[in-house]
Amino acid sequence: MLTREIFTSETHQWFMFGRDPEKPDKIIDTNQYMVRTKNNALLMDPGGIELFSAMLANVVKQVPVNQITHLFASHQDPDIISSLGLWDRALDNATLHAPWLWEGFIRHFGMNSITYDALPDEGNTLTIDAVDLQFLPAHYLHASGNFHVYDPRAKILMSGDVGASLEPPGMPLEVKDFEAHTRHMTMFHQRWMPSNAAKNDWVERVSKLRIDKMCPQHGRIFTGDNVKRFLDWFYKLEVGNAIK
């Protein structure tokens, strides 16, 4: 599994984990992210049960396991959080931040020692070692209860399924040619995103943020001007196309 540091400062670091060559065929490739602060770490969308061993092995190279004190699940899908039952056994003192709407569903993955922090629909802010991380509402993109994570100091938006692409193994880490990249994103967003109203509300709110990197859960990271190119493209895209 690839580990890449995508931001570093005196206060905290961001890491991406993904491109696992041992991933079983026919399972969608996923990106996992982690913020490490002075004494704590937040794992975001830590992945499916099949990735747990590779994730744990790579994460502990960056942070002691006892400093993984926070998990985040953008929504309830198995590629997001079906590893929860194994993290529950590995972590002694952790809190899972996830939508209130999905608590009764997410607990099916196994949860005895981890504390569930039910995020309200309007979102909130987590402060760890003086680093603020905002849980932004992204409902219906694609789950009916859904959040993204924004770091105003690093100017990074972890955007869950928004910005995702479906590509064969070996894809680059970052988007270089945005126009060429749209062919990998169009079907995903049109089919998995159900609401044009929710999409446009999200674009209007996110466009007001300062974003240097937009990091989806599948595919490539958007940097620099490609963030705005994506927002403009997504605003114009008609979604929910399964209903003719």
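Reader: Which strands form the open sheet, and in what order?

Author: Strands of a sheet pair through backbone hydrogen bonds, either parallel or antiparallel. In this predicted model, six strands make an open sheet with mixed pairing, ordered β8-β9-β10-β11-β12-β13. Strands (E, at least two residues) and helices (H or I, at least four) are DSSP runs, numbered from the N terminus, and two strands pair if DSSP finds at least two bridges between them. The edges are β8 (124-128) and β13, each with a single partner strand, so one side of each is left without a neighbour in the sheet.

Reader: What should I know about the numbering and the confidence limits?

Author: Residues are numbered from 1 along each chain as its sequence is written. Local features need pLDDT of at least 70, side-chain atom pairs count only at pLDDT 80 or more, and totals for chains, interfaces and linings use all residues, while side-chain values use heavy atoms, with hydrogens and water left out.

Reader: How many of the residues of strand β10 are buried?

Author: Buried means under 20% relative accessible area, exposed over 50%, and partly exposed in between, with a 1.4 Å probe and protein chains only. Five of the five residues of β10 (residues 147-151) are buried, so the strand is largely enclosed by the rest of the structure. Both faces are covered: Phe-147, Val-149 and Asp-151 lie on one side, with His-148 and Tyr-150 on the other.

Reader: In which sense does β10 pair with β9, and how is β10 joined to β11?

Author: β9 and β10 pair in the antiparallel sense over four bridges, and Phe-135 stands opposite Val-149 in β10. On to strand β11 (residues 156-160), β10 has three bridges, and these strands run antiparallel. The bridge partner of Asp-151 in β11 is Ile-156. β10 and β11 form a hairpin with four residues between them, where Lys-155 in the turn has a positive phi of about 60°.

Reader: Which residues of α7 are buried, and where do they lie around the axis?

Author: An α-helix has 3.6 residues a turn, so residues three or four places apart point the same way. In α7 the buried residues are Asn-226, Val-227, Phe-230, Leu-231, Trp-233 and Phe-234. They cover an arc of only 165° around the axis, which puts them on the same side of α7; the arc is that of the directions from the helix axis to the C-beta atoms. The face turned away from this buried side carries the exposed residues Asp-225, Lys-228 and Lys-236. The buried residues pack against α5 (178-192), α6 (196-206), β12 (213-216) and β13 (222-223), where contact means heavy atoms within 4.5 Å.

Reader: How many aromatic pairs does the structure hold?

Author: Rings of Phe, Tyr and Trp (its six-membered ring) pair if their centres lie within 6.5 Å; planes under 30 degrees apart count as stacked, over 60 as edge-to-face and the rest as tilted. The structure holds eleven aromatic pairs. In one of them, the rings of Phe-178 and Phe-222 have centres 6.4 Å apart and planes at 55°, so the pair is tilted. This pair links distant parts of the chain, with Phe-178 in helix α5 and Phe-222 in strand β13, 44 residues apart. Both Phe-178 and Phe-222 are buried. Phe-230 and Trp-233 form another tilted pair, 5.7 Å centre to centre with 45° between the planes. These two lie in α7, three residues apart, about one turn of the helix.

Reader: Which residues form the aromatic cluster?

Author: One aromatic cluster is formed by Phe-178, Trp-202, Phe-222, Phe-230, Trp-233 and Phe-234.
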